[in-house]
Amino acid sequence: MRVTVHLTSVLRADAEGAAHVPLEVVDGAALGGVLDELAARHPGLDRRIRDERGELRRYVNVFVDQDECRSVGGLDAPVHEGADVRLLPSVAGG
Amino acid sequence: MAYLLVIGTRKGLFTARSEDRRAWEVNGPHRLDEANDAGMSPVYTVGINPYTGRLLAGTESWHFGPSVWHSDDRGDTWSEPGTPPIAFPEDTGASLTRAWQFAFGPDPDTVYAGVEPHALFRSSDGGDSFDLVRALWDHPHRSNWFPGAGGAAIHTVLPGVLGAGRRSPEALTVAMSTGGVYQTEDGGASWAPANRGISAGFLPDEEPEYGQCVHKVAAASDGSFYAQNHHGVYRSAAPADDGWTRIEEGLPTDFGFAMVTHPHRPGTALNFPVVSQEVHFPPDHRLSAYRTDDGGDSWRPVNRGLPEDPYFGIVLRDAACTDGADVPGFYFGTRSGDVYAITDDGERWHQVAAHLPDVLCVRAGQV
């Protein structure tokens, strides 16, 4: 199935400047699988989003369509054909 | 010969250059990455490779995690390795919070990184990539080390030295909060605690084998050590054999974070007292360094040139250093964003920078 990952501007340098990354992932893939495919396409991106355990960084929000992934299963969140996955910085800093 | 001071702050990285260590040209905050995310991140540790002049900066982006940046042109441009330079192996189940300390080994390519959570990494390529020092990670004491207020970190790494007259390329001394001081004589293959005499008022056993909250250890030119503990200032010529001796008499308090040694005179060190574990202000709200020239038998304030008004910014554990020159310069920065320098033959501190973000770390060298 086909999904599109939308990157916040801060992350685009790690994706050759792309704002949107269309991906082909296996049918039934969960969000983690989408991020795996994204990492394969743009290895430099993954370190910003997930730590070396593969866990989402605390202040990175990942939306599957309108749902922040942590409320719908985290990396196991279901993804459907045509889904929009948005990577956004959460509220942090000072 | 010019002098370079690298300043890591709560919000970004600054550098300062000087010909005479009195007048300074300050640059920054440096733009590390294109989006300027890392450039606005806390910089918890910096290093200047004494062999190559390469600068290292350990950042922790609020959003996108930690990294290690390097500059081979004295801070003008910065690069980040393509893969995370410090990462825990999968079997550890750990992830890097941040690098706390860079230290340089016996050759240009060997760099050590003390990190949070409590671990030591070693690079064999000048800091592009690091490997976990397994024996310390696997140490049976590790499960009993716990976080100090700043985090669970190895914050002090002193390559090549075990005590007075005991130097070896295979030697390493590290310190952590909490956990205390550990040493290896065999290049990191085995480690032993070296804390005898250091107090731990927050534990039932006030002088345990390990578990102390040692804030900073500095190696003197003869290989002996000075230590600022979580209450208690100490010196030791042979920590593993003779333990540590208290030397805080003459200081206004026994609490603080930073300790700097003279690069050529083993009896000389600078300390930066803080009121107490509860009150993190300079004693009497007066910014001052304290200096000993007799191995800690006596201390005197060194504060000419520093603000005489009430002052509330303290010096954190890595926010003081020396440039190691023949006539050494000493430097410190405060949580109020002021940075000062003095030369060993000078009579007063000179302001390097003012009104920066909180200064977390400084390192200086000749370039």
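Student: What makes strand 4 (residues 43-48) of chain B and strand 5 of chain B a pair?

Tutor: In this predicted model, strand 4 and strand 5 of chain B are joined over five bridges in the antiparallel sense, and since pairing asks for at least two bridges, the two strands count as paired. One of these bridges sets Val46(B) against its partner Ala57(B) in strand 5 of chain B. Six residues lie between the strands of this hairpin, and there Gly53(B) takes a positive phi near 80°.

Student: How do you know that strand 5 of chain B also pairs with strand 6 of chain B?

Tutor: The same test applies here: seven bridges join strand 5 to strand 6 of chain B, the two running antiparallel, and the requirement is at least two, so the strands are a pair. Leu55(B), for instance, stands opposite Ser71(B) in strand 6 of chain B. These two strands also form a hairpin, with three residues between them.

Student: Why is strand 5 (residues 55-61) of chain B called mostly covered?

Tutor: Of the seven residues in strand 5 of chain B, six are buried, where buried stands for 20 or more other C-beta atoms within 10 Å of a residue's own.

Student: What makes Ala87(B) buried?

Tutor: Within 10 Å of Ala87(B) there are 21 other C-beta atoms, and the cut-off is 20 or more, so Ala87(B) is buried. Ala87(B) sits in the loop between strand 6 (65-71) and strand 7 (98-104) of chain B. Once its neighbours within four places in sequence are set aside, Ala87(B) is in contact with Glu52(A) and Leu96(B). Met259(B), by comparison, lies 172 residues from Ala87(B) in sequence and 29 Å from it in space, C-alpha to C-alpha.

Student: How many residues of each chain take part in the contact between chain B and chain A?

Tutor: The contact takes 15 residues from chain B and 16 residues from chain A. On the chain B side, they divide into seven nonpolar, five polar and three charged residues.

Student: Why are strand 19 (255-261) and strand 22 (300-302) of chain B said to stand at the edges?

Tutor: Four strands of chain B form an open sheet in the order 19-20-21-22, with antiparallel pairing. Strand 19 and strand 22 each have a single partner strand, so one side of each is left without a neighbour in the sheet. Neighbouring strands of this sheet are turned by 35° against each other on average, direction ignored. Within the sheet, strand 20 (residues 269-274) and strand 21 (residues 289-292) of chain B pair over three bridges, and Leu270(B) stands opposite Arg291(B) in strand 21.

Student: What helices and strands does chain A have?

Tutor: Chain A has two helices and five strands, which follow the pattern β-β-α-α-β-β-β along the sequence.

Student: How do you know that chain A is as compact as a globular protein of its length?

Tutor: The radius of gyration of chain A is 12 Å, close to the 12 Å that the globule rule gives for 94 residues, so chain A is as compact as a globular protein of that length. Its C-alpha atoms fill a box of roughly 40 × 30 × 25 Å along the principal axes, and 34% of its 94 residues are buried.

Key
Residues are numbered from 1 along each chain as its sequence is written. Chains are lettered from A and ligands numbered from 1 in the order in which they are written. This is a predicted model: local features need pLDDT of at least 70, side-chain atom pairs count only at pLDDT 80 or more; totals for chains, interfaces and linings use all residues. Axes are lines fitted to C-alpha atoms, for helices over the stretch in contact, and angles run from 0 to 180 degrees between N-to-C directions. Two residues are in contact if their C-beta atoms, placed from the backbone, lie within 7 Å. Ala, Val, Leu, Ile, Met, Phe, Trp, Tyr, Cys and Pro count as nonpolar, Asp, Glu, Lys and Arg as charged, and the others, Gly among them, as polar. A residue is buried if 20 or more other C-beta atoms lie within 10 Å of its own, exposed if 12 or fewer, and partly exposed in between; C-beta atoms are placed from the backbone. The radius of gyration is taken over C-alpha atoms; the globule rule is 2.2 Å times the number of residues to the power 0.38.
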